[in-house]
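Dear colleague,

Here is the structure I said I would pass on. My notes on it follow below.

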Amino acid sequence: MRAVGFRTNGGLEVLEELDRPEPVPGPGQVSIRVAFAGVNFAEIQHRRGEFGPPDGLGGVDVPGLEVSGTIAALGTGASGLEAGEPVAAFLPGFGGYAEVATADVRFVRSLRTEAGEADMAQAAGIPCVFPTAFGVLKDAGRLRMGDDVLIHSAAGGVGSAAARLARELGAGRVYGTVGSAEKIPYAAQLGYDNVFPREAFAERLAEVTHGRGVDLVLDPIGGPVREQSLRVLAPFGRVVAYGDLGRHDQWSASVWDLWKSNQTIAGFNLGDVARRAPERVGEYLGKALRFLASGRVQAGVTQILPLAEATKAHELLETGAGQGKLVLSLT
Ligand SMILES: NC(=O)c1ccc[n+]([C@@H]2O[C@H](COP(=O)([O-])OP(=O)(O)OC[C@H]3O[C@@H](n4cnc5c(N)ncnc54)[C@H](OP(=O)(O)O)[C@@H]3O)[C@@H](O)[C@H]2O)c1
């Protein structure tokens, strides 16, 4: 089968087109004939070596955390799905940039939902992104009706999804930040009340909220952005740290300030949730696919590239030029 992967960690140049044996589903797994694979920033970190050197079959790793496609085969003990059924799957162990991928059945959900059938291309942008958006908003972020929310990297994959979901879950005002002013028009049509260039966000937010700040900040960047986010946090507010885009050094927050104002810095990691509470990933994936099928939320796929252009997709994300959700086509 065709796949894209890497034998050594490094820059864009290490990605190569490969001819790989088709994987066979093990117990509790299914194999999926992949139609589309979502592209995530974590796959850039995987390629760069931030999760360790390649340790896949023959010393080759195939990135890809989320796919849509049809069930090719079921392993022993895998039930509730049938061959040919259209599905979307989260792949915590990667492997999505390939014509066939195996997935733990607990992280696979049918595109045929009570609300209708979800679109195959859009569904590829759901399985990693939306369980993350649910997790940062509801679990780590403890979102309540009417809470005002600030979303950093507002035009990105998780950021766009979180903006749409925040509204669906009853948020009050939703603000965003972007790394460059060119992204503001795209982000604005995602339904934000205001989108700010990141360098001035704390001042601008203080202005528009008359100094109150927000109840919840979603931060995948870290460093000074995380520090400033605490300064725009209202009493009882939460900052959710869920990424390290800026590759900043660690820093310390004042516990004194946090406990005096009932504030929280919380962490969220979907891979860890998949290990410790796998049923939650399946629940959120199923819910997001129903929302997609009913039109209540959009997956926000902005660009579909052929598998052979995986390098271009990585470049767009890595340089911060991407907007919305990028998806690779395997058909
Ligand atoms: N914890 C979890 O479970 C979990 C799960 C999924 C994703 N994530 C994290 O969520 C974040 C977003 O992931 P995604 O896949 O949706 O990517 P994305 O947001 O679609 O793309 C990355 C975006 O990050 C922003 N960015 C900020 N600083 C950057 C830097 N130094 N270098 C490159 N880009 C930078 C850029 O937009 P702006 O410049 O406009 O901000 C860029 O467009 C990543 O940190 C990822 O690791 C975490």
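**What was found**

Of the 331 residues in the chain, 54% count as buried. Please keep in mind that this is a predicted model.

Overall form: the chain has 11 helices and 17 strands. Its C-alpha atoms fill a box of roughly 60 × 45 × 35 Å along the principal axes. The radius of gyration is 20 Å, which agrees with the value near 20 Å for a compact globule of 331 residues. Of the contacts between residues at least 6 apart in sequence, 71% join residues at least 24 apart.

Aromatic rings: the structure holds 6 aromatic pairs. In one of them, Tyr 175 and Phe 196 are stacked, at 6.2 Å centre to centre and with 20 degrees between the planes. This pair links distant parts of the chain, as Tyr 175 lies in strand E11 (residues 174-178) and Phe 196 in strand E12 (residues 194-197), 21 residues apart. Both Tyr 175 and Phe 196 are buried.

Trp 256 and Trp 259 form an edge-to-face pair, 5.6 Å centre to centre with 70 degrees between the planes. These two are 3 residues apart in helix H8 (residues 255-260), so about one helical turn separates Trp 256 from Trp 259. Both Trp 256 and Trp 259 are exposed.

Finally, Phe 134, Tyr 284 and Phe 291 form one aromatic cluster.

Regards

Key:
Residues numbered from 1 in each chain as written. Predicted model: local features only at pLDDT ≥ 70, side-chain atom pairs only at ≥ 80, totals over all residues. Heavy atoms only, no water. Helix = DSSP H or I, 4+ residues; strand = E, 2+ residues; numbered from the N terminus. Rg over C-alpha atoms; globule rule 2.2 N^0.38 Å. Buried < 20%, exposed > 50% of the residue type's maximum accessible area, 1.4 Å probe, protein only. Contact = heavy atoms within 4.5 Å. Phe/Tyr/Trp six-rings, centres within 6.5 Å; stacked < 30°, edge-to-face > 60°.
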